[in-house]
Amino acid sequence: MIDITVPQLPESVTEGTLTTWCKKEGDFVRRDEVVAELETDKVILEIPAPQDGILTRILVEEGNEVASSQLLAHLEPQAAAAEAVIAEVEPTAMPAARLEAQRSNVDLAQVAGSGRQGRILKEDVLQHAQPAAPAPAPAAPTMAPATPRPVAPVGSREERREPMSRLRARIAERLLASQRDNAILTTFNEVNMQNVMDLRARWKDRFAEKHGVKLGFMSFFVKAVTRALERFPIVNASVEGNDIIWRDYCDIGIAVSSNRGLVVPVLRNAQTLSVVEIERQIADYAALARAGKLPLEALQGGSFSITNGGTFGSMMSTPIINPPQSAILGMHAITPRPVAENGQVVIRPMMYLALSYDHRIIDGQEAVQTLVAIRELLEAPEQLLLDL
């Protein structure tokens, strides 16, 4: 027998919850195939099979708390026998066919394959899934929301109680700690986004064609923030006891919304990254966050954070510092507003910016100057490209 255990968790994560068994006892599993999922207070970890075999015994039920290296199940290494079993139970199917079978809830054992050597194709699954009786209208969609909720009848006054997920409980804990331990103050400014929007509109198609990633606004903000932090390094520092920790690098956390809550993956050494590298990392993080597969390393550390409530329509907010950091920048919705330029009133795409900071080590002057520097760099983005 081979043991399937909880992977070694980092020091910052002491335990997790076994949320899902992806296989059941008696199932054949292949090496590195996911057999279970473990939820920590930061991410969902996938537990792979150490080698081909049959899952003979599950020792921990779903919903139980587990710790590093804890024994979860036994695997019998029977590669040859298991291959024979799987061949009898389930015919050979192409990957696209397997995915479509999962979506359509189709038993592959009931599908006749039309491919070479009897392989099941995606078209075979689609044809099998067609309703037996002819119907002119297509079947109703079966897609469900990511987090289904019971539909309450009209006028219902029932209440429901459910435990917080580990991630949500951890978010609540950290936000309360931030409010309690930091002397949080917020300063505001506004930025004219016209030049950034014009630059982006002019080059976004060629940028995407050449680099395979969209040109967004966040890369401009990351570049502007790192330049401002180099000018005012105290905003990139943090408090540890009676000491101030100064940093020669800018690790920028980017707040990303997922169906499990807010996560903040970190762009390491952001001051050295190009616009292309920033956009690629953000796109990768966003995709991993939606899939619940962000690696723990991506969520650790960070010296400064950026959050964009504007994607949800927020006009203005006071973001909460992500401890142990000392400051966070809040972006908001871009809104056409009348502004004065050269004695004339014109309409410009304006965005409110908010910088929340720990007043224990950051003075108001430094916070305001940092936010003004960010605004000036964004209003003349060529400075970011020319290193001015």
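Helix α6 and helix α7 (residues 275-290) cross at roughly 120 degrees, and their axes come within 9 Å. That angle makes α6 oblique to α7. The model is predicted. Helix α6 also packs with helix α8, at an angle of about 135 degrees.

**α6 with α7**
- The crossing of these two helices is right-handed.
- From α6, the residues M218, S219, V222 and K223 take part. They meet V275, I278, E279 and I282 of α7.
- By type, the residues of this α6–α7 contact are five nonpolar, one polar and two charged.

**α6 with α8**
- Helix α6 spans residues 218-231 and helix α8 spans residues 364-379. Their axes lie 9 Å apart.
- Angles over 145 degrees count as roughly antiparallel and 65 to 115 as roughly perpendicular, with the rest oblique once those under 35 are set aside as roughly parallel. α6 and α8 are therefore oblique to each other.
- α6 passes α8 in a right-handed crossing.
- On the α6 side, the contact is made by F220, F221, A224, V225, R227, A228 and R231. On the α8 side, T370, A373, I374, L377 and L378 contribute.
- Nine nonpolar, one polar and two charged residues make up the contact of α6 with α8.

**Whole protein**
- The secondary structure comprises nine helices and 19 strands.
- Of the 388 residues, 38% are buried.
- Among contacts with a separation of 6 or more, 61% join residues 24 or more positions apart.

Notes: Residues are numbered from 1 along each chain as its sequence is written. This is a predicted model: local features need pLDDT of at least 70, side-chain atom pairs count only at pLDDT 80 or more; totals for chains, interfaces and linings use all residues. Side-chain values use heavy atoms; hydrogens and water are left out. Axes are lines fitted to C-alpha atoms, for helices over the stretch in contact, and angles run from 0 to 180 degrees between N-to-C directions. Helices (H or I, at least four residues) and strands (E, at least two) are DSSP runs, numbered from the N terminus. A crossing is left-handed if the near helix is turned anticlockwise from the far one by less than a right angle, and right-handed if clockwise. Contact means heavy atoms within 4.5 Å. Ala, Val, Leu, Ile, Met, Phe, Trp, Tyr, Cys and Pro count as nonpolar, Asp, Glu, Lys and Arg as charged, and the others, Gly among them, as polar. Buried means under 20% relative accessible area, exposed over 50%, partly exposed in between (1.4 Å probe, protein chains only).
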